[in-house]
Amino acid sequence: MARDMIDDRKTGRLDRVAMWLSAMCVVHCLATTILLAVLSTAGGILGSPLIHESGLAIAIVLGCVAFGRGILSHRRVLPIALGATGLLLMAAALFVAHEGAHLAESLLTILGVAVLAAGHAINHRRHG
């Protein structure tokens with residue numbers, strides 16, 4: 001009889017572990033499906049040319065205002081030269097063929113953003 005109780009407890013534990021594993025399996029399957037759907041949708045949205053074009057337009061407007069104020073304040077050309085170069089690199093990325101050229105597009109964009117940010121950093125230091 002005592003042996004039966006011990007076996008019942010072991011079986012009960014095993015059942016609880018099995019139920020938890022089953023629950024974790026369901027969570028895993030649902031989470032994977034949801035995550036893949038979200039990533040697929042986000043990839044389509046974030047990869048849209050409209051995002052890049054809008055971002056470039058915003059960068060141009062902010063650059064004109066910030067660098068315009070900077071040139072009036074400190075009369076240094078380097079920040080605006082870097083800013084213009086960065087914006088041109090970003091614009092060039094829009095004209096790279098998208099089929100199979102994602103690396104070139106990404107590199108041009110990243111380089112452009114880095115050069116633009118350097119121009120803003122120098123402009124900020126000279127302005128402040």
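Start by selecting Leu-56, Ala-59, Phe-67, Leu-87, Met-90, Ala-91 and Leu-116: these seven residues form the largest nonpolar core. Such a core is a set of buried Ala, Val, Leu, Ile, Met, Phe, Trp, Tyr and Cys residues joined through side-chain atoms within 4.5 Å. Buried here means under 20% relative accessible area, exposed means over 50%, and partly exposed is in between (1.4 Å probe, protein chains only). Colour helix H2 (49–74) and helix H3 (78–94) next, as they are the elements giving two or more residues to this core. Helices are DSSP runs of H or I with at least four residues, strands are E runs of at least two, and both are numbered from the N terminus.

Now centre on Ala-59. Leaving aside residues up to four places away in sequence, Ala-59 touches Leu-87, Met-90 and Leu-116, a contact being heavy atoms within 4.5 Å.

Before going on, a word on what you're looking at. This is a predicted model, where local features need pLDDT of at least 70 and side-chain atom pairs count only at pLDDT 80 or more, while totals for chains, interfaces and linings use all residues. Residues are numbered from 1 along each chain as its sequence is written, and side-chain values use heavy atoms, with hydrogens and water left out.

Zoom out and colour by pLDDT, the predictor's confidence in each residue from 0 to 100. The chain averages 85, and 86% of the residues score at least 70.

In cartoon view, you'll find four helices and zero strands, reading α-α-α-α along the sequence. Of the 128 residues, 18% are buried. Among contacts with a separation of 6 or more, 67% link residues 24 or more positions apart.

Ala-121 is partly exposed because its relative accessibility is 33%.

Last stop, the cysteines. There are zero disulfides in the structure, a disulfide being a pair of cysteine sulfur atoms within 2.5 Å. Select Cys-25: the nearest cysteine sulfur belongs to Cys-29, 4.2 Å away. Cys-25 counts as partly exposed because its relative accessibility is 45%, whereas Cys-64 is exposed, with a relative accessible area of 54%.
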